[in-house]
Each structure stands twice: as structure tokens, then as C-alpha cells.
Amino acid sequence: MSAEFPMTFVTADASRTTSSFYWSVRRELWENRSIYIAPLIVMAVVLFASLISTIGLPQKMRNLPTLDPAKRHAAVVTHYSIAPAPIMLATFLVGFFYCLDALHGERRDRSILFWKSLPVSDRTAVLSKASIPIVILPVVAFVLSAITLFVLLMASTAILLLSRMSPATLWSELRFFQEPVIMVYGLTVHALWFAPIYCWLLLVSAWARRATFLWALLPWLATAALERIAFSTSYFGSMLRYRVIGGMTEAFANEQRGSGEILDQLSQLSPVRFLGAPGLWVGLLFAAACLIGAVRLRHDREPI
Amino acid sequence: MSEQSSVVPESAAASLAALQAPRPMYWSVRRELWENRSIYVAPLLVAAVVMFGFVISTIGMPHRRRSTVLLPPAQQHAAIAMPFDMAAAMLVVTAFVIGIFYCLDALQGERRDRSILFWKSLPVSDPTTVLAKASIPLVALPALTFVIIVLTQWFMLLWSTAVLLPSGLAGSTWTHFHWFTQSLLVFYCLIVLVLWHAPIYALLLLISSWARRASYLWAVLPPLAIAAVEKIVFNTTYFGSFLKYRLIGGIGEAFIFKAPHSTDSLSRLTPLNFLSTPGLWIGLILAAIFITAAVRLRRDQEPV
């Protein structure tokens with residue numbers, strides 16, 4: 001692998017930083033193929049399942065006029081709008097486990113000795129690792145979700161045409177150009193909202209000698225339990241809950257119409273409220289502090 | 001391990017031979033405890049946190065207890081026994097989490113840091129090693145958790161007695177918290193959970209012996225994918241409820257919750273119902289199969 005590193009390290013300083021960052025990210029993708037393979041597998045599974053259930057589409061479209069007009073839209077669109085959900089969930093899980101292992105694994109298999117011998121700073125290494133869950137994985141999720149939606153739509157159209165029905169209803173109900181915008185927005189929101197979680201995991205991964213998962217979870221759970229036992233309150237627990245699912249409620253204006261609403265309209269987005277949420281900025285500050293800590297720790301810690 | 005000592009008649013020479021026998025199983029378990037100190041450090045930390053929280057919560061306790069003893073007996077009981085139950089529940093959950101992450105790392109970690117080359121050079125068979133590793137979540141962790149829970153509850157009992165002594169209400173804790181019955185309950189509950197969760201631990205050991213990387217993902221993604229396929233194709237959630245049953249169903253089979261008056265009496269236990277649940281025996285057979293497969297894989301797999 002090292003043979004593939006180009007000799008650009010000896011060129012000018014700015015381009016050297018950029019290219020060492022670029023190759024560090026490439027290194028992560030080579031080493032952790034699960035970053036793209038796991039979402040790909042989930043995409044294949046989801047596509048397979050969705051295509052099977054597409055067989056029943058002509059029947060459903062035939063029954064459509066009998067439905068209440070208010071439910072008609074949901075009946076057509078639900079099938080398409082839930083398809084990307086497992087893919088996105090898979091990328092969150094991949095990011096979670098990737099971060100826990102990122103700085104711990106290289107100390108454990110002692111490859112850190114090799115990586116530190118290269119002229120790549122600790123800051124570049126840690127930032128390239130942090131960019132995987134915050135930048136690369138959302139991009140992967142978006143590309144795979146868009147491909148899934150496109151294939152599904154083509155297959156549905158083909159099946160409708162084969163059974164001599166017009167795909168016009170399908171195309172008019174699906175908001176084909178709003179869907180990708182909403183996916184990009186949703187993924188960006190979650191990348192920013194989950195950034196403190198990922199960075200905390202990176203910090204634990206840089207610090208813990210073993211059992212990274214326990215050290216990542218236990219302090220939070222113990223604090224919540226302490227509060228519950230000592231004061232019989234659960235402010236800390238609701239704070240944790242807000243961090244996990246709060247991004248969704250801050251970024252989408254759908255809670256007044258009840259959950260279960262399909263997100264496919266641009267009017268459902270509330271970017272101004274999201275950017276004004278103090279939780280976002282506090283979280284990003286926490287993320288930055290964790291990253292600085294992780295860089296320090298990577299600098300000081302030895303292989304285990 | 002004790003084969004020799006049981007065959008040879010009792011004599012000084014025989015006991016000396018027994019002393020000098022290698023006892024690989026015993027030392028394999030000791031090795032696991034040495035290598036993974038989180039097995040006992042994490043429950044002890046949680047116990048310390050629980051005790052600290054309880055100590056804080058006893059500030060102003062005599063005052064509150066005076067109003068509690070005026071409540072109807074059932075509510076009185078619930079209010080007084082609640083912290084004890086919660087302490088036990090916290091420690092049981094901690095043990096479960098530790099067991100899960102221990103199992104996921106047990107057979108992969110030693111391949112990853114190549115220490116398996118050393119361990120395989122010792123005259124310890126693969127079945128012994130895998131059984132020693134399986135015995136950590138199945139025997140060592142429950143035993144340790146039981147001891148820690150009993151000690152924690154004793155501490156809480158004595159502390160609340162000491163706090164309440166000046167006000168003369170110390171007896172109210174003792175009448176509502178029967179530590180002997182409670183210990184029996186905890187013991188029974190831990191055994192039930194271990195038997196019920198045995199296939200989960202065994203499956204995680206199998207994944208850990210098989211996966212080259214990202215054992216967490218291999219443990220989490222397949223159930224997620226199966227649940228997604230079922231939801232998309234059939235719009236049902238049988239697999240999800242099956243997983244839920246495997247996680248918490250054992251408690252429902254082993255206890256009866258319908259009688260509200262007999263809160264911690266032993267009449268709530270239904271061991272016969274638990275032992276006659278087909279899910280228990282199917283799970284145990286699966287656990288045996290998984291462990292056998294893990295032994296095979298440990299013999300064949302190479303360091304990663």
C-alpha cells in the first residue's frame with residue numbers, strides 16, 4: 001500500500017497538506033472496506049425486497065381511485081420514501097463502529113508505528129478519520145439512495161407499461177426533483193447533528209486501551225443513572241435522547257402534523273430553525289473539543 | 001482438568017500431582033480476566049456510581065420517609081424498594097452490555113493483535129479456549145454481578161438504616177426490603193437471563209471467530225437487513241418481535257407480573273413455565289451449535 005503513495009510530499013507546503021489529507025482518506029477507505037461494502041449490501045437487499053413488492057404495483061394502482069384522495073398520495077409514495085431509510089441507517093451504524101475502531105485499531109495492531117513514520121501530522125490523520133463519518137459516509141448514503149430510487153422508479157414504470165397502464169399517476173405523485181434535495185438536506189443535518197457523537201467516539205478510541213465501546217457508553221449511562229437515583233429526575237437522559245433524535249425534530253417542520261408523515265416536500269424543511277438551535281452549536285463546539293483531544297492523545301499514546 | 005485427581009486415590013502424592021496439574025481451563029479463564037479487566041472494573045464502577053447516587057438521594061430522607069409511611073402499603077412498598085430494584089437492574093444491564101462486547105472481541109482481538117500465535121503455541125486445545133471464553137458471559141459475569149448486586153444492596157440497606165436511625169424510622173426499610181428474598185430473586189433472574197441469552201453470546205462468539213474486521217457490523221447489519229426486507233416485502237414485523245422476544249422474553253416466561261400485591265415474594269417465579277418454553281431449549285441447542293462452529297473456526301482461521 002505504501003508503494004502507492006506518490007512523491008508529492010516533497011512539493012509545496014499547501015499542496016502537501018492537501019494531498020496528504022487526500023491520501024489519508026484514501027487509506028481509510030482501503031483499510032475499512034465496510035465503509036462502502038456494508039451500505040452496498042444493504043442497498044442490494046433493499047432493492048431486491050422493493051423489486052419483489054413492485055410486482056403488486058399494477059394491482060395497487062388499479063385500486064387507487066377507490067381510495068380517499070388524502071391517502072392516495074401516501075399509498076403511492078410510501079413504498080419509495082422508505083427505501084432509502086435502511087441504507088441511511090446502515091451508514092450511521094458504519095460510522096459509529098468505524099469511529100470506535102479508528103484510532104484504537106491502529107494502536108492495537110501496531111500499524112500506528114508505520115503510519116507515524118510517514119510525514120503525515122497527527123492533525124491530518126485525525127481529521128481524515130473524522131471526515132469519514134461526517135463527509136464520506138453521507139455522500140455514500142446519498143449516492144446509493146439516489147441509485148435505489150432511480151432503479152425502483154424505472155422498474156415500476158416498466159412494470160406499469162408491461163401491464164398496459166399509464167405511469168402518469170406515479171410520476172405526478174412522486175416529486176422527483178424534490179426528493180434528492182430533501183435527502184441532501186437530511187443527510188447534511190444529521191452529519192452536523194451527530195458530529196459530536198462521532199468525535200466523542202474518536203476521542204474514546206484514541207484514549208481507551210481496551211473495550212472502547214464500554215468507555216464510550218458507560219459514562220453517559222452512569223451519569224443518567226446517577227441523576228435518576230440521586231434526584232429522581234431525568235434531565236440528562238432527555239438530553240441524550242435529544243442528541244440522538246432531536247436533529248430530526250429541529251430540521252423538519254413535521255411534528256405538528258403527527259409522526260408518520262412522509263417527508264417529500266420542500267415546505268417541510270426548516271433550515272433556519274435548525275441553524276438557530278443552540279443544541280447544534282453546542283454540539284459542534286463539543287465535537288471540536290473532542291477532535292483536539294483526539295489529536296493530542298494520538299500524539300502522546302503508545303501502541304498497546 | 002480434574003480427570004486425574006478424580007481417578008487417582010487420595011494420597012499426598014496424588015494431591016501434589018493435582019496441584020501441579022496444568023489445569024488449562026482454570027488458567028484460560030484467569031487469562032481472560034487478566035486481559036479484559038473491564039469484566040470486573042465496569043460493574044464495580046457502575047456499582048460505585050449507584051451507591052454514590054443513593055448516598056446523595058438520602059439527603060432529607062427521614063423527612064420524606066415520614067410522609068411515605070402514611071401511604072397505602074403497596075405504594076409504600078414501591079417507594080421504598082424502588083432504589084434497590086433499580087440498582088439491581090442497572091448492574092444486570094451493565095453485565096449484558098459487557099458480555100456482548102466481550103464476545104464480539106474475544107476471538108477476533110487475539111487474531112488481530114496476533115497474540116493467537118502465542119496462545120496456539122501453548123498446549124491448550126481450541127475447545128478449552130473457546131469454552132473458557134464462552135464461560136465469561138455465561139458463568140463469570142453473572143456470578144460477579146450477583147455478588148456485586150448483593151453487596152450494593154447491603155450497602156444501601158445499611159446506609160439508609162444509619163440515616164433513618166435518629167428519626168426512628170429505620171425499621172420501615174427492613175420491613176419492605178427483604179434482602180434474603182431479594183437475593184434469591186436476583187439469583188433466579190440472572191440464571192434465567194443467562195440461559196435465555198446464551199444463543200446471543202454464542203452467535204457473537206461465532207461472528208467474532210469468523211469476521212476479519214468490523215465484527216460489530218456483522219452482528220448488527222444482518223438482523224437490520226432481514227427486518228427491512230420483511231417490512232418492505234410483506235409489510236410485517238415478525239422478525240422484529242422475534243428479536244424482542246429473544247432479548248427480553250425470558251423475563252416474561254420466568255416471572256408472572258399479574259399479582260400486584262406480592263411484589264417481591266417468591267410466588268412470582270414460574271420456573272416450570274420457563275423450563276417448558278420451547279424457545280429456551282431451541283436457543284440452547286443453537287448456542288451449542290454456534291460454539292462448536294466457533295471452535296472449528298478458531299482452529300482453521302489465521303491471524304488477520
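Before listing who touches whom, I note the rule: two residues are in contact if their C-beta atoms, placed from the backbone, lie within 7 Å. I also keep in mind that this is a predicted model.

Entry 1, the helix pair. I looked up what α2(A) meets in α7(A). From α2(A) I wrote down I35(A), Y36(A), P39(A), L40(A), M43(A), V46(A), L47(A), S50(A), L51(A) and T54(A). Their partners in α7(A) include I132(A), I136(A), L137(A), V140(A), L144(A), V151(A) and I159(A). By class, the residues of this contact come to 18 nonpolar, 4 polar and no charged.

Entry 2, the geometry. How do I describe two packed helices? By the angle between their axes and the distance between the axes. Here the axes of α2(A) and α7(A), the latter spanning residues 122-162, come within 10 Å and cross at roughly 20 degrees. Angles under 35 degrees count as roughly parallel, so I put α2(A) and α7(A) down as roughly parallel to each other. The crossing of α2(A) past α7(A) is right-handed.

Entry 3, chain A against chain B. I found 28 residues from chain A and 32 residues from chain B in the contact. On the chain A side, α2 (34-54), α5 (84-108) and α10 (212-231) each supply at least two residues. That side has 22 nonpolar, 3 polar and 3 charged residues.

The predictor gives the complex an ipTM of 0.78 and a pTM of 0.83. Chain B has a mean pLDDT of 84, with 91% of its residues at 70 or more. In residues 1-8 of chain B the pLDDT is below 50, and I count 12 contacts for this stretch beyond near neighbours in sequence.

Methods. Residues numbered from 1 in each chain as written. Chains lettered and ligands numbered in written order. Predicted model: local features only at pLDDT ≥ 70, side-chain atom pairs only at ≥ 80, totals over all residues. pLDDT = per-residue confidence, 0-100. Helix = DSSP H or I, 4+ residues; strand = E, 2+ residues; numbered from the N terminus. Nonpolar A, V, L, I, M, F, W, Y, C, P; charged D, E, K, R; others polar. Axes fitted to C-alpha atoms, helices over the stretch in contact; angles between N-to-C directions. Parallel < 35°, antiparallel > 145°, perpendicular 65-115°, else oblique. Left-handed = near helix turned anticlockwise from the far one by under 90°.
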